[in-house]
Amino acid sequence: MKKLKISVNGKAYIVDVEILEDDENMGGMPNATQNYQPAYVAPAEQVQRPVAPKKPAPMAGAYVDLEAPMNGVVVEIFVKPGDSVVQGQLCVALEVMKMKTNVNSPINGVIKSIETKIGEQVELGQALLTFE
């Protein structure tokens, strides 16, 4: 038996408690008589977040493809071979799940060739056009 003092609504009561099962060491959980120390948690600014690897920059003279970011149907092509484009410029529009998705130039460059045509079904990673 243990004698405990319990307060209810500001009024103190002394009660005798019979312990039927001792769970002090069950499950590794601390009880009221142990000093509980939480595990160290690093502040958010110290947490290392994974960084997606970047594609290496193309070597001088190498051709670069503008690839389809997802499966879809080509609905518009806004450039032609020989056009100069800037990074972020709209080049191709795809229809994906009845929604129009714009595909922009990843680089400043000149269009070497168009690798697709309007109405063509393209797959993720398929070349849409090539830069010089």
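The model is predicted: local features require pLDDT of at least 70 and side-chain atom pairs count only at pLDDT 80 or more, whereas totals for chains, interfaces and linings use all residues. Residues are numbered from 1 along each chain as its sequence is written, and side-chain values use heavy atoms, with hydrogens and water left out.

Of the 132 residues of the protein chain, 18% count as buried; the term buried denotes under 20% relative accessible area, exposed over 50%, and partly exposed the range in between (1.4 Å probe, protein chains only). The secondary structure comprises zero helices and 10 strands, where helices (H or I, at least four residues) and strands (E, at least two) are DSSP runs numbered from the N terminus. From the N terminus on, the elements run β-β-β-β-β-β-β-β-β-β. Among contacts in the protein chain with a separation of 6 or more, 48% involve residues 24 or more positions apart, a contact being defined by heavy atoms within 4.5 Å.

Four strands form an open sheet in the order β3-β10-β8-β5, with antiparallel pairing; two strands pair if DSSP finds at least two bridges between them. Its edge strands, each pairing on one side only, are β3 (64–67) and β5 (84–85). Strand β3 is joined to β10 (residues 127–131) by four bridges in the antiparallel sense, and within this pair D65 stands opposite T130. Strands β8 and β10 run antiparallel and are joined by three bridges; here S113 stands opposite T130 of β10.

Within strand β3, L66 is buried, with a relative accessible area of 5%. Leaving aside residues up to four places away in sequence, L66 touches C91, V103, N104, P106, Q126, A127, L128, L129 and F131. The C-alpha atoms of L66 and P106 are 7.3 Å apart, although 40 residues separate the two in sequence.

N104, one of the residues that L66 touches, is found in strand β7. At 37% relative accessibility, N104 counts as partly exposed. Apart from residues up to four places away in sequence, N104 touches L66, G88, Q89, L90 and C91. Its C-alpha atom is separated by 5.0 Å from that of G88, 16 residues apart along the chain.

Strand β7 (residues 99–104) also holds T101, which is buried at a relative accessible area of 18%. The residues touched by T101, not counting those up to four places away in sequence, are M70, V92, A93, L94 and V96.

T116 is located in the loop between β8 and β9 (121–122). This threonine, T116, is buried, with a relative accessible area of 9%. Beyond its neighbours within four places in sequence, T116 is in contact with V74, I77, V122 and L128. The side chain of T116 also makes a polar contact of 2.8 Å with the side chain of E120; a polar contact is a pair of N or O atoms within 3.5 Å, and within protein one must be able to donate a hydrogen and the other to accept it, while residues adjacent in sequence count only if both atoms are side-chain atoms.
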